[in-house]
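Subject: Structure handover

Hello,

As promised, here is the structure for you to look through. My notes on what turned up follow below it.

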Amino acid sequence: MTMPISPGPQIPATIAAQPDRVADIVARSLSLHGIRHAFGMPGGEVVTLIDALALAGVDFHLARHETAAALMAAGCSVLTGAPGLLVTTVGPGLTNAINGIADAAQEHVPLLVISGVVDRGMRARYTHQVIDHAAILRPLVKASFDIEAGSAGATVARALALALRHPQGPVHLDLAPAMAAQPAIEAPWGPVPETRATLRADDPALAPLLARLAGAARPVILAGWQAAQAGADMAALAEALQAPVLTTYKAKGGLDETHPLALGGAGLSPKADRILLDLLAGADLVLALGYDPIEMRPGWMDPVPADRLIEITAAPADHAMHRAGQRLLACPAQAAAALVAALPVAAARDWWHPARTALDAAFHKPKDWGPHAIIRTLAAHAGPDTVVTVDSGAHRILLSQIWQARRPARLLQSAGFCTMAAALPLAIGAAVARPGHRTIAVMGDGGFEMCAGEMATLRDLNLPVTVVVFQDDSLALIAQKQAQAGLSPRATALGRSDLATVARGFGAHGDSVTDAPALARALDDAAARPGATLITCRFDADDYHDAF
């Protein structure tokens, strides 16, 4: 059985007859691949490209920093399914984006990075801003190419195909200004239509897995981002096996976390990991479905012996975090559907229920205010289709354990790279991708102050994003690590900034709250107003004690 693969959106008819510069071929090729949004900061070397993008129906969104722009492109990509597009100028423009490109590499985001570069004829004599872009990016991108007149469309198509190939990741293109303005030689390139084989329940490749799964008395599903889109197929597989499902933080919502078999996220909370690793130790079979341990931590090295681990993955990851006794290279969603069609439904099992009870107890804190209460209030006021982004820090660990994601790609975070200051740009990208839908960015005060300038991007794009800041005047996670190591707290205290006033200075509404009812009112008000809102939630950093 085969399934046709769509060639992607067609280029709008209104832009079919524009001047044929090399930049136009690049832009139209991007449009043919379904890309409708670009993020970045302009420079003299990319002005022709930005003009061509506008003519090709690709909106260029001005950020305040290139790393934030890369994260915006990532957030947009996750929600649209199209590759992200980052445009930077030469030299410092590209180097400013390094953190965002590294995040895309470890998050497996298909990101196309197009940078301006000094014209080839000048490079041997001229030194200002001349650096080797490809050499700098070599550890972070899957490839770097120069765009040339005779192969501009082909190069874009090749770069996008490579970015989308599993494991997905960033690809870099250099485009010199004289080359961008030069008359084109070739036509734009779109994606190649493909047919791809679909697994069937009677496929011989499934036979060894079926035998193992059918004989398991205590199976567990460990799901990663690749499996998050499996949705109903993953739920059906869990129900057929009567297997509890735990996920990486990135894959939260792949199984609706209100489902009776959902155990939530794992990989960063010591409290949760102690419970979940004990659960795996008692399992007789672990099915790693689309699981990539880059989303986890060292404590998850060899969570079970190889003879108890079966892996289904679109592409084997480059790691030594675990060994699998069996591995099937296949689309996790397709494999799940095929397994469900072939497996008998198992009898109900309750051997894992103590783990569920222990998780509920570990993260229950009845205090009226503090991080737990803030997260509970947020959850009560965010609908199942709201996109919530969360920054790195103590609040992220706690929120990722307490938050029940109902759908995939509704809780976005930097799970592999864990960079700070990611939540606001991720939210901007998500809001651009889904106009009219609610988006909430959850940040610590330290992370927010690293990217506060992107509030101006919210204003200029007129995005009704709600930013919720956990303000405890501390880098609380680092302070806890210092305490655990028996060290005095150093370089973790933050002076208190009036963030509500800062937000108002950027044209947003600013609130500061110190109790749950006030937060609830502020969230309801934010949902009703057209522009951006920042809500500062003030509490004591000691409230994180023994929280996760």
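Tyr544 is buried, at 2% relative accessibility. Please keep in mind throughout that this is a predicted model.

Aromatic residues

Tyr544 belongs to a cluster in which ring pairs link it with Phe470, Phe539 and Phe548. The structure holds three aromatic pairs. One of them joins Phe470 and Phe539: it is edge-to-face, with 5.9 Å from centre to centre and 90° between the planes. Phe470 sits in strand S18 (residues 466-471) and Phe539 in the segment after strand S20 (533-538), so this pair ties together parts that lie 69 residues apart in sequence. Phe470 counts as buried, with 1% relative accessibility, and Phe539 is buried too, its relative accessible area being 7%. Tyr544 and Phe548 also form an edge-to-face pair, because their ring centres are 6.4 Å apart and their planes stand at 65°, where over 60 degrees is the cut-off. Phe548 is buried as well, at 10% relative accessibility.

In soluble globular proteins, nonpolar side chains tend to be buried together.

Pro244 is found in the loop between helix H11 (232-241) and strand S10 (245-248), and at 0% relative accessibility it counts as buried. With the same exclusion of sequence neighbours, Pro244 touches Pro219, Val220, Ile221, Leu261, Leu263 and Trp352.

Helix H11 has Met234, Ala235, Leu237, Ala238, Ala240 and Leu241 as its buried residues. These pack against helix H9 (207-214), strand S9 (219-223), helix H10 (225-228), S10, strand S12 and helix H13 (332-342). Gln242 follows H11 and has a positive phi, near 50°.

In helix H15 (residues 371-381), the buried residues are Pro371, His372, Ala373, Ile374, Ile375, Thr377 and Leu378. They pack against helix H16 (394-402), strand S17 (439-444), S18, helix H22 (516-528) and S20.

Around Glu295 and Trp225

Which residues surround Glu295? Setting aside residues up to four places away in sequence, Glu295 touches Gly224, Trp225, Thr248, Lys250, Ala251 and Ala415. Glu295 lies in the loop between strand S12 (285-289) and strand S13 (309-313). Its relative accessible area is 7%, so Glu295 is buried, the cut-off being under 20%. The side chain of Glu295 reaches the backbone nitrogen of Trp225 at 3.5 Å. Lys250 lies over the face of Trp225, 5.2 Å from the ring centre. Lys271 is 24 residues from Glu295 along the chain, and the two C-alpha atoms are separated by 17 Å.

Ser474

Ser474 is in the loop between S18 and helix H20 (476-484). At 14% relative accessibility, Ser474 counts as buried. Leaving out its neighbours within four places in sequence, Ser474 is in contact with Asp445, Ala479, Thr492, Leu494 and Ala541.

Cysteines

How many disulfides does the structure hold? It holds zero disulfides. Cys76 is in none, and the nearest cysteine sulfur, from Cys451, is 18 Å away. Cys76 is buried, at 5% relative accessibility, whereas Cys331 is partly exposed, with a relative accessible area of 35%.

Regards

Definitions and conventions:
Residues are numbered from 1 along each chain as its sequence is written. This is a predicted model: local features need pLDDT of at least 70, side-chain atom pairs count only at pLDDT 80 or more; totals for chains, interfaces and linings use all residues. Side-chain values use heavy atoms; hydrogens and water are left out. Rings of Phe, Tyr and Trp (its six-membered ring) pair if their centres lie within 6.5 Å; planes under 30 degrees apart count as stacked, over 60 as edge-to-face and the rest as tilted. Helices (H or I, at least four residues) and strands (E, at least two) are DSSP runs, numbered from the N terminus. Buried means under 20% relative accessible area, exposed over 50%, partly exposed in between (1.4 Å probe, protein chains only). A charge sits over a ring if NZ of Lys or CZ of Arg is within 6 Å of the ring centre and within 35 degrees of the ring normal. Contact means heavy atoms within 4.5 Å. A polar contact is a pair of N or O atoms within 3.5 Å; within protein, one must be able to donate a hydrogen and the other to accept it, and residues adjacent in sequence count only if both atoms are side-chain atoms. A disulfide is a pair of cysteine sulfur atoms within 2.5 Å.
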